[in-house]
Amino acid sequence: MKIREDFILRKISDSYVVVPVGKAVVDFRGMVNLNESGALLFKTLQNGADEQQLVKALLDEYDVSEDIAKKDVERFVSKVKDAGILE
């Protein structure tokens, strides 16, 4: 899985936002707000990653159980797929 190149992540103060650029501006109105763990998953997906790599990224960064990390990854991937942000 990989984030489409026409979506970028920006940090504004203490918040992270995903905004469309280029042609995506026409089809995608608005922006997506992310917390720190969402930003970590987004960055990991920019380089291409499968769900197991996303879970590992969360486990490496946060003190969380593997079960919770898997559920968070599933929820995140579902949302970015539904938003059309994944290739």
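Predicted model: local features only at pLDDT ≥ 70, side-chain atom pairs only at ≥ 80, totals over all residues.
Which side chain meets that of Lys 71 in a salt bridge? The partner is Asp 67, with 3.4 Å from N to O.

**Lys 71 and Asp 67**

Lys 71 and Asp 67 both belong to helix 4, where they stand 4 residues apart, so about one helical turn separates them. The 3.4 Å between N and O falls within the 4 Å limit for a salt bridge, which is why the pair counts as one.

Lys 71 has a relative accessible area of 45% and is partly exposed. Asp 67 is also partly exposed, at 45% relative accessibility.

**Lys 70 and Glu 66**

Helix 4 covers residues 66–82 and holds another such pair, Lys 70 and Glu 66. Their side chains form a salt bridge with an N to O distance of 3.7 Å.

Lys 70 is partly exposed, its relative accessibility being 37%. For Glu 66 the value is 39%, and this residue likewise counts as partly exposed.

**Arg 4 and Asp 6**

Side chains of opposite charge can pair when their charged atoms come close. Arg 4 is joined to Asp 6 by a salt bridge, and 2.8 Å lies between the closest N and O atoms. With a relative accessible area of 27%, Arg 4 is partly exposed.

The model has 5 salt bridges in total. Among them are the pairs Arg 4 with Asp 6, Lys 70 with Glu 66 and Lys 71 with Asp 67.

**Packing of helix 2 and helix 3**

Two packed helices are described by the angle between their axes and the distance between the axes. Helix 2 spans residues 36–46 and helix 3 spans residues 51–61; they pack at an angle of about 135°, and their axes are 10 Å apart. The two helices are therefore oblique to each other. Their crossing is right-handed.

Which residues make the contact between helix 2 and helix 3? Helix 2 contributes Ser 37, Leu 40, Leu 41, Thr 44 and Leu 45. Sorted by class, the contact of helix 2 with helix 3 consists of 6 nonpolar, 2 polar and 1 charged residues.

Conventions: Residues numbered from 1 in each chain as written. Heavy atoms only, no water. Buried < 20%, exposed > 50% of the residue type's maximum accessible area, 1.4 Å probe, protein only. Axes fitted to C-alpha atoms, helices over the stretch in contact; angles between N-to-C directions. Parallel < 35°, antiparallel > 145°, perpendicular 65-115°, else oblique. Left-handed = near helix turned anticlockwise from the far one by under 90°. Contact = heavy atoms within 4.5 Å. Nonpolar A, V, L, I, M, F, W, Y, C, P; charged D, E, K, R; others polar.
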